[in-house]
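Subject: Structure handover

Hello,

Here is the structure I promised to pass on. Please open it first, then read my notes below.

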Amino acid sequence: MTPLRSAVKLSDGRELIYFDETPGSGRAAHVDTRELPPPPPASQLRYDPLVDEWVAVAAHRQTRTFLPPSDACPLCPTTPRFASEIPAPDYDVVVFENQFPSFSYREVPGGEITELTDMVPVRPGLGRCEVVCFTSDHNSAFGSLPPSRVRTVVDALADRTAEMSALPGVAQVFPFENRGVEIGVTLHHPHGQIYAYPTVPARTAAMLRAAARHAEKTGGRNLYADVLAAEQEAKVRVIAANDHWTAYVPAAARWPFEVQLAPHRQVPDLPALTDAERDAFGPLYLDILRRFDGLFGKPMPYISAWHQAVVGEGRELGYLHLQLFSIRRAADKLKFLAGSESAMGAFVSDVVPEKAAQLLRDAI
Ligand SMILES: [Zn+2]
């Protein structure tokens, strides 16, 4: 069932949207009574001509909430003792505009500046950043959600992708989850984020170049579809699959443990998934998350990233897929991005991908 959608405004004007699994919650009755400062201005985008990339400078993010105690969690429902970001006493899935956004449509002071030097153009970081709460249970985790809740989350992300893709100047919509303090999470409550970028991010740009080259060489074939077909054929790196999705370790995985989940049908983004495809995602993804946690017998820090087609030029080259990876390479060891990776972008992987796939298949 499609979740019921209710949009309200927080006291500083930010939008909050409930995605309810059952009707009758009367969301408009719950008013945000907090006195909040006005949201900060948009960040500034600076062009780095040496690598042809944009960098967002968002100094206000230095003051964002950092690991608050659980009775002052901004993502828990509001209680008589603490008014959180969510005015209601309970919720299923809720999405709201980030109080400390990397991108927004609010005026930048000095927004008239258009270049720092002849070589460095500057523009406002127009876009949108949202927070997605997966559950009202502070101590839960995405991997503990029932498949029906994963479906609600997918529906919420699809709703947000469709709406944010239509905003002026948005180049790509990116839903993701950072899990674990090892990754740099600043709130323990199970949540993800959605960025609507005003420029095509560097990795997407590289993927688009590769996909365009492949299409040209093969008379229009989709690169990701061909990679997926090759992995399904090879089988050695496939971890699990169902009628609609396959989960596999990429042959040239950069991270100690990395899995990609892809739908069998080429679709540009989450809104394009059918009901059957949305329903089939949860069971497979939850299975992979359990295998991640089972690897070392403790919660695995991870980044879970939805790669969707860009909004503008090159959209036809996109193929929706989820990239899930961890920086944990052994029970007590993390992989840090040091000299080769950070300075040169040249990854050296510590775990052979076929071995990682075998460990993940054996992890339950
Ligand atoms: Zn919480």
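The largest pocket has a volume of about 1500 Å³. A pocket here is an open set of points on a 1 Å grid over the protein atoms alone, where a 1.4 Å probe fits, with protein on both sides within 12 Å along at least five of seven lines; lining residues have an atom within 4 Å of a point. Grid points are joined across faces, edges and corners, and the volume is the space filled by probe spheres set on them.

This is a predicted model: local features need pLDDT of at least 70, side-chain atom pairs need 80 or more, and totals for chains, interfaces and linings use all residues. Numbering runs from 1 along each chain as its sequence is written, and side-chain values use heavy atoms, without hydrogens or water.

The largest pocket is lined by 39 residues; Phe-174, Tyr-197, Pro-201, Ala-202 and Arg-203 are the closest to its centre. Helix H2 gives the most, six residues. Helices (H or I, at least four residues) and strands (E, at least two) are DSSP runs, numbered from the N terminus.

The second largest pocket has a volume of about 710 Å³. Among the residues closest to its centre are Arg-203, Tyr-224 and His-321. H2 again gives the most, with seven residues.

Now Gln-260. It sits in strand E13 (residues 257–263). Gln-260 is buried, at 9% relative accessible area (buried: under 20%, 1.4 Å probe, protein chains only). The side chains of Gln-260 and Tyr-224 make a polar contact of 2.8 Å (N or O atoms within 3.5 Å, one able to donate a hydrogen and the other to accept it; residues adjacent in sequence count only if both atoms are side-chain atoms).

Best wishes

Technical notes: Buried < 20%, exposed > 50% of the residue type's maximum accessible area, 1.4 Å probe, protein only.
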